[in-house]
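Visitor: I am new to this structure. Please show me how to read its main features, one at a time.

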Amino acid sequence: MIAENFEYSTPATLAEALSLLASGEAKVLAGGMSLIPMMKLRLATPGHVVDLSRVAGLSGIAEANGMIRIGAMTTHYEVESSAALRAKCPLLAQTASMIGDVQIRNRGTIGGSVAHADPSADYPAALQALEATVTLASSSGERTVAIDEFLIDTFTTSIDPGEIVAAITVPAEAADTGAAYEKMLQPASGFAIVGIAARIRKSAGKISFARVGVTGLGSRAYRAANVEKALAGCSGSAAEIKAAAALIADGIDANSDIHASAAYRTQMARVYGARAIQSALNRAA
Ligand SMILES: Cc1cc2nc3c(=O)[nH]c(=O)nc-3n(C[C@H](O)[C@H](O)[C@H](O)COP(=O)(O)OP(=O)(O)OC[C@H]3O[C@@H](n4cnc5c(N)ncnc54)[C@H](O)[C@@H]3O)c2cc1C
């Protein structure tokens, strides 16, 4: 199908983009990998599209004070291939490498992915495990929100009218942290039926730090707090990991669709959760 008619702007500066958005009528275009199909199907019919691709300063990866800031327009390929992320935040680089296919990774952006808030998107699991923050810019300045507050529900975030995602910030990983992302993918699109990100540290033979982010299972990505609690202080035997991963769906109303029933998704989340935790543990120093 063909999209409805719309006005199209290509601002060169963030200030210009934000002033175009201030009316509340316009929609931002990033990589277009989700928005364009939705417009062609007329599931989205914005009257005005503001293309961010020429806005200076919205892409790139920079490390400062133990944190890594990733501009919203940074593509999945740039995240996947960034030497800085591979060295200091391998979980995010690994996650990006598992998104869709080469074309999607070349066009799609991290800002577009989090703003779209697809409940099966990959980044949100890693960003939950990383306790990432999202920087939102508007004509009145910037504010920063924790990823857990940013992701509200399916296709719903805490972006206010007139705001854009400017950047995502993650910690530069401590050398002794092991991290891994494991997903069961939907073969046609690559989207996660379930995807689990884990970060683990050990101290004196015991797990001293565990973060587990889950995508695909619920209406939004979340941190599996009960799994993290169960892992804390244990040695990380296969039986302990399995018992902890069994808690991954606690309190979650599991999604059900043509790809997987709620019961199957739940079971796969446990299986892939155990795999992610084991892989992260194997990588922990
Ligand atoms: C065939 C196919 C397979 C895919 N497979 C996967 C997969 O395996 N895993 C996965 O995670 N994703 C997958 N995707 C989605 C892909 O990762 C998209 O890149 C992503 O969801 C949207 O990013 P985008 O830059 O293309 O955003 P766009 O499509 O341009 O925008 C998406 C939405 O976000 C808004 N938006 C974009 N940027 C900003 C911003 N900076 N601030 C505020 N709002 C903004 C737009 O207005 C729009 O509502 C797939 C997509 C396709 C078409």
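The dialogue below goes through domains, a sheet, a hairpin, the ligand shell and some loop residues.

Guide: This is a predicted model, in which local features need pLDDT of at least 70, side-chain atom pairs count only at pLDDT 80 or more, and totals for chains, interfaces and linings use all residues. Residues are numbered from 1 along each chain as its sequence is written.

Visitor: Which domains does the assignment give the chain?

Guide: Domain bounds come from an automatic or database domain assignment. Here the assignment gives domain 1 (7–50), domain 2 (61–171) and domain 3 (178–283). The C-alpha centres of domain 1 and domain 2 are 19 Å apart.

Visitor: How many residues of domain 1 are in contact with domain 2?

Guide: Two residues are in contact if their C-beta atoms, placed from the backbone, lie within 7 Å. By that rule, 13 residues of domain 1 touch 15 residues of domain 2. On the domain 1 side, helix α1 (residues 14–21) gives the most, with five residues. That side has eight nonpolar, five polar and no charged residues. Ala, Val, Leu, Ile, Met, Phe, Trp, Tyr, Cys and Pro count as nonpolar, Asp, Glu, Lys and Arg as charged, and the others, Gly among them, as polar.

Visitor: In what order do the five strands of the open sheet lie?

Guide: Helices (H or I, at least four residues) and strands (E, at least two) are DSSP runs, numbered from the N terminus. Two strands pair if DSSP finds at least two bridges between them. The order in this open sheet is β4-β5-β10-β6-β7, with antiparallel pairing. β4 (61–64) and β7 (141–146) are the edge strands, each pairing on one side only. Inside the sheet, five bridges join β6 (residues 133–138) to β10 (residues 164–171), and T135 stands opposite A167 in β10.

Visitor: Where is the hairpin, and what is in its turn?

Guide: β11 and β12 form the hairpin, with six residues between them, and G190 in the turn has a positive phi of about 90°. The two strands, β11 (residues 178–185) and β12 (residues 192–203), pair in the antiparallel sense over eight bridges. L185 stands opposite A192 in β12.

Visitor: Is β11 enclosed or open, and why?

Guide: A residue is buried if 20 or more other C-beta atoms lie within 10 Å of its own, exposed if 12 or fewer, and partly exposed in between, with C-beta atoms placed from the backbone. Strand β11 is largely enclosed by the rest of the structure because six of its eight residues are buried.

Visitor: How many residues surround the ligand?

Guide: A residue is near a molecule or strand if its C-beta atom, placed from the backbone, lies within 6 Å of it. There are 31 residues around the ligand, and the closest are G31, G100, G108, G112 and G190. α7 (110–116) is one of the elements that supply at least two residues of the shell; α7 gives the most, with five. By class, the shell divides into 16 nonpolar, twelve polar and three charged residues.
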